[in-house]
Every structure is written in structure tokens, then in C-alpha cells.
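I opened my notebook to look up two things here.

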Amino acid sequence: MSFRSIALRAGRATNSTTHTTFAMAQRARIAPVGARHLSNEAQEIKELPGDEADDVAFQNKYGLRTIILNRPKKLNSLNGSMVRKIVPRMVEWEKSDLANVVVMKGAGEKALCAGGDVAALAQQNKEGPDGWKKSADYFALEYKLDHYIATYQKPYISFMDGITMGGGVGLSIHAPFRIATEKTVFAMPETTIGFFPDVGASFFLPRMNGSVGTYLALTSDRLTGANVFYSGIATHYLHSTSLPDLEARLAELRFGDSDTLAHRLQLINDTIEEFATGLPHDQPMALAGETRRAIDRCFNKNNLNDIIAALKEETGETEAWAQKQLATLQKRSPTAVHVTLRQMRVGGRWNIAEAFEREHQIASKFMQHHDFTEGVTALLVRKETPKWQPESLDAIPASDNVAQPFFEFDEKKKLGLFSDRTYSDYPYPLLGVPSEREMKEIVQNSSLTPKQLADKVVASRNHRQGIATIVDEIISRKVVADSNGVARWVENESSESSKL
């Protein structure tokens with residue numbers, strides 16, 4: 001028996017109280033609800049003639065099942081051929097008592113998945129008046145897989161090792177475990193190409209702290225390495241050299257027949273933490289301090305003109321940052337920016353199933369809009385600046401609601417998700433980093449000092465690596481002590497539209 005095996009089994013005994021507390025807390029959240037059976041489509045989906053032979057690889061080792069996206073020369077960009085291979089395996093594993101843990105990772109050294117194969121979609125859109133329908137069909141298939149991952153009934157871990165953007169985010173962000181490394185590059189770059197943040201971004205971005213989700217959605221800003229963890233996009237940070245050993249250890253895990261999913265997830269959580277070797281000292285938290293306050297000040301508005309006005313008012317330490325954001329917004333598709341802002345304001349009220357249903361209708365409309373095909377073709381083929389329609393933010397009168405047509409949903413048109421499972425909040429928050437909403441609720445329902453608050457929240461995550469750093473940053477911005485030394489929450493810069 002390996003040293004790690006002995007240590008983990010000993011840890012199980014000493015941490016039994018922690019596991020019980022964790023399971024109770026997780027059950028208090030809304031777990032995925034809906035019938036457990038899957039649709040006929042999910043159980044019958046198979047490869048089509050012309051699908052690539054080896055664009056996805058699969059590995060089995062004891063109780064571990066690994067999905068390897070295998071298009072390294074294209075940064076593992078996702079397409080229908082890959083989805084049609086992944087779904088049957090995941091359906092099989094969900095039913096199997098022999099499959100304990102599923103890992104998603106990418107081949108090569110550069111990426112988990114850099115996104116969907118948008119060049120192919122843009123080309124399809126040009127193939128006659130109905131070409132866009134093929135692209136819409138691809139998004140339907142992709143979103144069904146993403147929703148299946150989001151509601152999967154087996155432990156699922158994403159190795160966000162390398163570039164993780166767009167479609168790669170859809171394979172990761174809804175997982176209970178999302179591991180960032182020093183090589184991780186995260187972004188939702190859709191407004192850059194005349195599209196909107198999809199793959200369930202309507203659900204996860206509005207639920208990020210304050211106005212961070214809106215900021216990332218509108219600007220397509222990138223987060224790298226440890227900052228993917230600090231932001232809450234990743235649940236854990238490990239060095240990439242630890243991942244092979246982690247996989248081997250995950251394969252050794254054994255669960256009892258009576259173990260609940262919450263208990264299994266906690267055992268995996270402890271296992272991942274065994275491989276934590278520290279956060280990089282040379283990579284400070286990017287979205288912190290005055291920059292973080294400016295994000296909430298500027299991106300908590302409900303219309304674009306107010307966001308631009310707020311950015312123009314920034315002075316001092318954040319002036320250069322604000323000017324950079326202004327220049328960035330002017331480069332993005334004006335239509336996409338307006339649609340995305342509206343998405344951030346309404347998506348927080350959608351459950352996970354509604355998010356994918358409605359995103360598919362929005363995506364279908366973008367496939368018929370000039371900006372997506374132009375943006376992809378200009379940037380990836382012609383290598384030049386796209387010619388948007390309308391051409392600029394200034395060209396859109398304040399009285400025009402360019403986003404409205406994208407949000408006129410036909411409730412009779414159903415995407416046909418693989419199951420009716422859904423939830424309104426992610427069901428396992430204690431696996432991730434603490435949120436501002438969580439800490440606000442503790443402050444408002446207790447009489448703790450700021451130090452007691454920090455200790456309580458850090459302990460709720462079993463003193464995991466990096467949690468104290470995140471908690472201290474939130475307290476520095478959002479908590480003050482009253483005359484009695486009791487923590488009080490600071491409301492003035494939070495976004496009313498945010499879920500957190």
C-alpha cells in the first residue's frame with residue numbers, strides 16, 4: 001500500500017466530523033432535480049460518417065475514466081465529431097458501478113480546449129440561406145453535453161491545464177472540480193468575434209462575485225494561472241507536474257456502495273489537496289484592491305452608456321486600467337456587447353436548464369447575424385479588423401434596443417436536453433472558493449469579529465490552500481468593524497444585479 005493510501009485512510013478517520021459537516025451543508029443546497037433517466041437521444045447518439053477517427057481518446061484505470069481531447073494541433077478545439085464520441089462514454093460510465101471518477105483533459109502541452117471550431121461554423125453560415133441551421137445544430141449538441149456535465153451523477157474533474165476558452169469552459173466550469181495550473185489561460189472571448197458568452201455563461205458569470213462576471217464577459221479579459229483559482233473559476237490550483245500522480249491516486253480510490261455523492265466528492269476533494277504544493281509567490285491576485293473596486297463601480301450598470309461614462313470618470317490609480325477597458329469595448333462587436341450585458345442582467349434568474357435552452361435560441365440568432373461570420377472570418381482568415389454592423393457603439397442610438405430581438409424566446413422551441421435535471425445554484429459550493437454572498441450571509445446572521453469571520457470561512461474549506469488569501473481580500477474590501485468590533489458588510493460598491 002502506498003504512503004498516500006495510508007495517509008488518506010488515516011485522514012478519513014480523523015476528518016470524519018469534517019466529512020459529516022460537509023455532507024450536511026451540501027445537502028442543504030438544491031441538488032440536481034429531475035428524473036434520473038436520460039433521453040433516447042442521449043442513449044442512442046453515435047458517430048456519423050466523416051467524423052474524425054481519433055479526435056477523442058479514452059482511458060480506463062481501475063475506477064478512473066479519462067476523456068482526452070485529442071486535436072493538439074488545433075488546441076483541442078471542440079466539434080460535433082468529438083461530442084458524439086464523448087456522450088456515449090459518459091452515459092455508459094454514469095450507469096456503471098465500476099466507474100468512480102471521470103477526468104476531462106486535453107492532449108498536448110498547450111490546451112485543454114481553446115473553444116469550439118468557429119471557423120467551420122462561419123463557413124457553414126456562408127453555405128446558402130439555410131447554412132446557419134447546421135451551425136445551430138452544432139450548438140444544440142454542444143449545449144446538451146454541457147448540461148449533462150453540469151448535472152452528471154458521478155464525480156467529474158476538469159484539468160484546466162493550458163488554454164481553456166469558450167467551448168473548453170463549457171466542458172469545465174459546471175464541474176464540481178476544476179483544477180487550474182501554472183499553464184491555465186481562461187477567457188470568454190466571444191464578443192471579440194461577434195458572438196456572446198455561451199456554454200452556460202448565462203448561469204456562471206452572473207453568479208461570480210460583484211461585477212467580475214460582467215467585466216469578463218464584456219471585455220474578454222484573460223485570467224492566467226493562480227488567478228483562475230483566485231477568481232473562483234477554478235476550485236483548486238496544482239502544478240501541472242502533479243497531474244499524472246493525481247490521476248494515478250484517483251484511480252486507487254474506492255467508494256462504498258452506501259457512500260453518498262457528497263461523501264465521494266469530499267474524499268476526492270481531500271485527495272486533490274494532497275498534491276497541493278503552494279501558490280506562486282510571483283503572481284499576485286489580479287482582480288483585487290483598487291482594480292477590483294473599480295470593476296464593481298463601473299460594470300454594475302444596467303446599460304452600456306453608463307458603463308462607459310463610469311469608466312471615463314476613473315482617475316488616479318485606476319485611470320490607465322479604465323482607459324484600457326474603454327479601448328477594448330470599442331473593438332468588440334457592438335451588437336454582441338449589448339446582448340452580453342443584457343444576458344448578464346437576466347441570466348442570474350435562470351436555472352441551469354433554462355440557461356442552455358435560452359442560449360441556444362440566442363446562438364441561433366447570432367448564426368443569422370452578420371457579426372459572427374464577419375468576426376470569425378476577419379480575425380481568423382483575413383487577419384484584419386472586422387467590419388461590424390452597426391459599425392460602432394457610437395452608431396447605436398440610445399433609444400435603440402439592439403439586444404431585444406435576441407431575447408424574444410419561443411417557449412415552444414425546446415432544445416431537448418438529455419435529461420430534465422436542473423438547479424438554481426451550484427449544488428456543491430464548499431468544493432469551490434468562498435463567495436461574497438456566502439460571507440455576507442454569515443456577517444448578517446452573526447456577531448463575529450472580522451478575524452472570527454475569516455477563521456470560520458477558512459475552516460469551512462478545511463484550511464485548503466489559497467482559501468485564506470481569498471477570504472482576506474474579500475474582507476479588506478467588503479467588511480468593516482463597528483464600534484464593538486463586530487464585522488459589518490459594506491454594500492456601496494456591490495452590483496444589485498449580481499447573484500453574489
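Are K85 and D55 buried or exposed? I looked up both, and K85 is buried, as is D55. I took buried as under 20% relative accessible area, exposed as over 50%, and partly exposed as in between, with a 1.4 Å probe and protein chains only.

A note on what I am reading. This is a predicted model, where local features need pLDDT of at least 70 and side-chain atom pairs count only at pLDDT 80 or more, while totals for chains, interfaces and linings use all residues. Residues are numbered from 1 along each chain as its sequence is written, and side-chain values use heavy atoms, with hydrogens and water left out.

**Entry 1: salt bridges**

Side chains of opposite charge can pair when their charged atoms come close. My rule for a salt bridge was a side-chain nitrogen of Lys or Arg within 4 Å of a carboxyl oxygen of Asp or Glu. I got 30 salt bridges by this rule.

K85 pairs with D55, and their closest N and O atoms are 2.9 Å apart. K85 sits in helix α4 (residues 80-95), and D55 in the loop between α3 (40-44) and β1 (56-61), so this pair ties together parts 30 residues apart in sequence. For helices I used DSSP runs of H or I with at least four residues, for strands runs of E with at least two, numbered from the N terminus.

Next I checked E374. It forms a salt bridge with R382, with 2.7 Å between the closest N and O atoms. E374 is buried at 11% relative accessible area. R382 is partly exposed at 35%.

I also found a network of salt bridges that links R292, D296, E436, E473 and R477.

**Entry 2: helix α20**

D455 and K451 form a salt bridge at 2.9 Å, N to O. Both lie in α20, four residues apart, about one turn of the helix. D455 is partly exposed at 39% relative accessibility. K451 is exposed at 58%.

**Entry 3: α20 against α21**

How do the axes of α20 (residues 450-460) and α21 (residues 467-478) cross? They come within 10 Å and cross at roughly 145 degrees. Axes are lines fitted to C-alpha atoms over the stretch in contact, and angles run from 0 to 180 degrees between N-to-C directions.

Which residues meet? From α20 I listed P450, L453, A454, V457 and V458; from α21, I467, A468, V471, D472 and I475. Contact means heavy atoms within 4.5 Å. By class, this contact has nine nonpolar, no polar and one charged residues. Here Ala, Val, Leu, Ile, Met, Phe, Trp, Tyr, Cys and Pro count as nonpolar, Asp, Glu, Lys and Arg as charged, and the others, Gly among them, as polar.
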